[in-house]
Amino acid sequence: MTNNIIFYLYALMKEILIVGIGGGIGSIVRLLSQRGIQRMVEISFPLGTFFINIIGSFIIGVVYALSERGNFLTPEIRLFLTVGFCGGFTTFSTFSYDNFNMISEKLWQSLLLNVGGSLFFGILAVYLGVAAVRLVFS
């Protein structure tokens, strides 16, 4: 029993390190990319974030397709690239991937609920967060 717990904790720590390193790198690349894009194109639209969301979705699509092909990527590399790098680079890529899976499985109601609910409740949550801080500090 103790060996099972030790093995589980070792495996969990390994995954945490893989995701943490990938996420840190993804976050740094996001920051540099956003700033670089916004400096090149000075408009009020968040073009940097927009492009990063699309690029992150493309990367996770490539990883997904390579994973389907067999031994192109180890489970550790997939974890590093998807949950780690893409998760740090943009959570939108995971959102897009989840929606892609729902389309593939023809789960139309779940797709509409996820897309509509995420947009509506995400914007509502931002509004409520701003309102709460304004209320506390007014």
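Which residues in α1 meet which residues in α2? In this predicted model, the residues in α1 are Arg 30, Ser 33, Gln 34, Ile 37 and Gln 38, and those in α2 are Leu 47, Gly 48, Thr 49, Phe 51 and Ile 52, where contact means heavy atoms within 4.5 Å. Local features need pLDDT of at least 70 and side-chain atom pairs count only at pLDDT 80 or more, whereas totals for chains, interfaces and linings use all residues of the predicted model. Residues are numbered from 1 along each chain as its sequence is written, and side-chain values use heavy atoms, with hydrogens and water left out.

Helices are DSSP runs (H or I, at least four residues), numbered from the N terminus. The helices α1 and α2 pack with their axes 8 Å apart and at an angle of about 130°. Axes are lines fitted to C-alpha atoms, for helices over the stretch in contact, and angles run from 0 to 180 degrees between N-to-C directions. The two helices α1 and α2 are therefore oblique to each other; angles under 35 degrees count as roughly parallel, over 145 as roughly antiparallel, 65 to 115 as roughly perpendicular and the rest as oblique. The crossing of α1 and α2 is right-handed, a term used if the near helix is turned clockwise from the far one by less than a right angle, with left-handed used if the turn is anticlockwise. By class, the contact of α1 with α2 has 4 nonpolar, 5 polar and 1 charged residues. In this classification Ala, Val, Leu, Ile, Met, Phe, Trp, Tyr, Cys and Pro count as nonpolar, Asp, Glu, Lys and Arg as charged, and the others, Gly among them, as polar.

Within helix α1, Ser 33 counts as partly exposed because its relative accessibility is 23%; buried means under 20% relative accessible area, exposed over 50%, and partly exposed in between (1.4 Å probe, protein chains only). Not counting residues up to four places away in sequence, Ser 33 touches Ile 52 and Phe 89. Between Ser 33 and Glu 68, 35 residues apart in sequence, the C-alpha to C-alpha distance is 29 Å. The loop between α1 (2-40) and α2 (47-68) contains Ser 44, which counts as exposed because its relative accessibility is 81%. The C-alpha atom of Ser 44 is separated by 37 Å from that of Leu 66, 22 residues apart along the chain.

The largest nonpolar core has 5 residues in all, namely Ile 52, Ile 60, Phe 85, Cys 86 and Phe 89. Such a core is a set of buried Ala, Val, Leu, Ile, Met, Phe, Trp, Tyr and Cys residues joined through side-chain atoms within 4.5 Å. At least two residues of this core come from each of α2 and α3 (75-89), and α3 gives the most, with 3 residues. In soluble globular proteins, nonpolar side chains tend to be buried together. Leaving aside neighbours within four places in sequence, Ile 60 is in contact with Thr 82, Cys 86, Ser 93, Thr 94 and Tyr 97.Ile 60 also takes part in the packing of α2 on α4, where Asn 53, Gly 56, Ser 57, Ile 60 and Tyr 64 in α2 meet Phe 92, Ser 93, Thr 94, Ser 96, Tyr 97, Phe 100 and Asn 101 in α4. By class, this contact of α2 with α4 has 5 nonpolar, 7 polar and no charged residues. The axes of α2 and α4 cross at roughly 50° and come within 8 Å; α2 and α4 are therefore oblique to each other. Their crossing is right-handed. Ser 57, in helix α2, is buried, with a relative accessible area of 18%. Residues up to four places away in sequence not counted, Ser 57 touches Phe 92, Ser 93 and Ser 96.

The axes of α4 and α5 lie 8 Å apart, and the two helices pack at an angle of about 160°, which makes α4 roughly antiparallel to α5. The crossing of α4 and α5 is left-handed. On the α4 side the contact is made by Phe 95, Asn 99, Met 102 and Ile 103, and on the α5 side by Trp 108, Ser 110, Leu 111, Asn 114, Val 115 and Ser 118. Lys 106 is placed in the loop between α4 (92-104) and α5 (108-136). Although Lys 106 is not a glycine, its phi is positive, at about 55°. Lys 106 is exposed, with a relative accessible area of 58%.
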